[in-house]
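Dear colleague,

Please find the structure below, handed over for your reference. The findings follow after it.

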Amino acid sequence: MSDLLERLRDRGWRLTAQRRVVAEVLNGEHVHLTADEVHSRAGALLPEISRATVYNTLGELVALGEVLEVTTDGRAKRYDPNARRAHHHLVCTRCHTIRDVPADPRTADLPAESGFGFAISGVEITYRGLCPDCQNAS
C-alpha cells in the first residue's frame with residue numbers, strides 16, 4: 001500500500017474506488033503531476049473516472065494537508081504527495097522536471113527585523129537550473 005493510501009486510511013478517509021485510484025496515481029517519490037495528468041493516469045486504471053471527480057479529490061487531499069499544491073513555473077498547479085517531510089523543489093528550466101530536495105532549516109530562517117511583523121507559517125524555496133539530461137542535450 002502506498003504511503004498516501006496508508007495515511008488516508010489512518011485518518012479514516014472513505015476510500016471509494018475513485019479516491020483510491022487518485023491516491024495510487026500520486027504514489028511515489030518526486031511526483032508532481034498536474035490535475036490533467038492525474039486524470040489521464042487515473043483514467044487508464046479506472047476508465048469511468050470523471051475529470052470533476054479528480055479535481056474534487058485533489059481539492060479534498062489538499063484541504064486535508066495530505067497533498068501539497070505546488071506552482072513552480074507560473075503555469076499549471078501540480079500535486080505533491082510529499083506533504084509530511086519539509087522539502088524544497090529543484091526545477092529544470094528546460095524540461096520542467098521537478099525533484100524534491102530536503103529542506104535545510106538554516107535556509108528557512110528569516111531574521112525578525114526582516115519579517116515586517118508577519119507570523120510566518122511556511123517557506124517555499126525553488127531552485128532552478130538544468131537537469132543532467134538537458135545539460136547533456138546542449
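Predicted model: local features only at pLDDT ≥ 70, side-chain atom pairs only at ≥ 80, totals over all residues.

**The chain as a whole**

The protein chain has five helices and six strands. Read along the sequence, these elements follow the pattern α-α-β-α-α-β-β-β-β-β-α. The C-alpha trace spans about 50 × 45 × 25 Å along its principal axes. The chain has 138 residues, and 33% of them count as buried. Among contacts in the chain with a separation of 6 or more, 47% are between residues 24 or more positions apart.

**How the helices pack**

In general terms, two packed helices are described by the angle between their axes and the distance between the axes.

The crossing in which α2 passes α3 is right-handed. On the α2 side the contact is made by Val-21, Val-22, Glu-24 and Val-25, and on the α3 side by Val-38, Arg-41, Ala-42 and Leu-45. Sorted by class, this contact of α2 with α3 has six nonpolar and two charged residues, and no polar ones.

For the second pair, the axes of α3 and α4 come within 9 Å and cross at roughly 120°. α3 is therefore oblique to α4. This crossing of α3 and α4 is right-handed. Here Ala-35, Asp-36, Val-38 and His-39 of α3 meet Arg-51, Val-54, Tyr-55 and Leu-58 of α4. By class, the contact of α3 with α4 has five nonpolar residues, one polar residue and two charged residues.

The crossing of α2 and α4 is right-handed. The contact involves Gln-18, Arg-19 and Val-22 of α2, together with Thr-53, Val-54, Thr-57, Leu-58, Glu-60 and Leu-61 of α4. By class, the contact of α2 with α4 has four nonpolar, three polar and two charged residues.

In soluble globular proteins, nonpolar side chains tend to be buried together. In this model, the largest nonpolar core has 21 residues, of which Val-22, Leu-26, Val-38, Leu-58 and Leu-61 touch the most other members. Helices α1, α2, α3 and α4 each supply at least two residues of this core. The helix that gives the most to this core is α2, with four residues.

Leaving aside neighbours within four places in sequence, Leu-61 is in contact with Leu-8, Trp-13, Val-22, Leu-26, Glu-66 and Val-67.

**Thr-57 in helix α4**

Thr-57 is found in helix α4. Its relative accessibility is 3%, so Thr-57 counts as buried. Not counting residues up to four places away in sequence, Thr-57 touches Trp-13, Arg-19 and Val-22. Thr-57 and Asp-104 are 47 residues apart along the chain, and their C-alpha atoms are separated by 31 Å.

**Two histidines with positive phi**

His-30 is not a glycine, yet it has a positive phi of about 60°. His-30 lies in the loop between α2 and β1. With a relative accessibility of 30%, His-30 counts as partly exposed.

His-96 is also a residue other than glycine with a positive phi, in this case near 70°. The loop between β4 (87-92) and β5 (98-102) is where His-96 is found. At 25% relative accessibility, His-96 counts as partly exposed.

With kind regards

How values were computed:
Residues numbered from 1 in each chain as written. Heavy atoms only, no water. Left-handed = near helix turned anticlockwise from the far one by under 90°. Contact = heavy atoms within 4.5 Å. Nonpolar A, V, L, I, M, F, W, Y, C, P; charged D, E, K, R; others polar. Axes fitted to C-alpha atoms, helices over the stretch in contact; angles between N-to-C directions. Parallel < 35°, antiparallel > 145°, perpendicular 65-115°, else oblique. Core = buried A, V, L, I, M, F, W, Y, C linked by side-chain atoms within 4.5 Å. Buried < 20%, exposed > 50% of the residue type's maximum accessible area, 1.4 Å probe, protein only.
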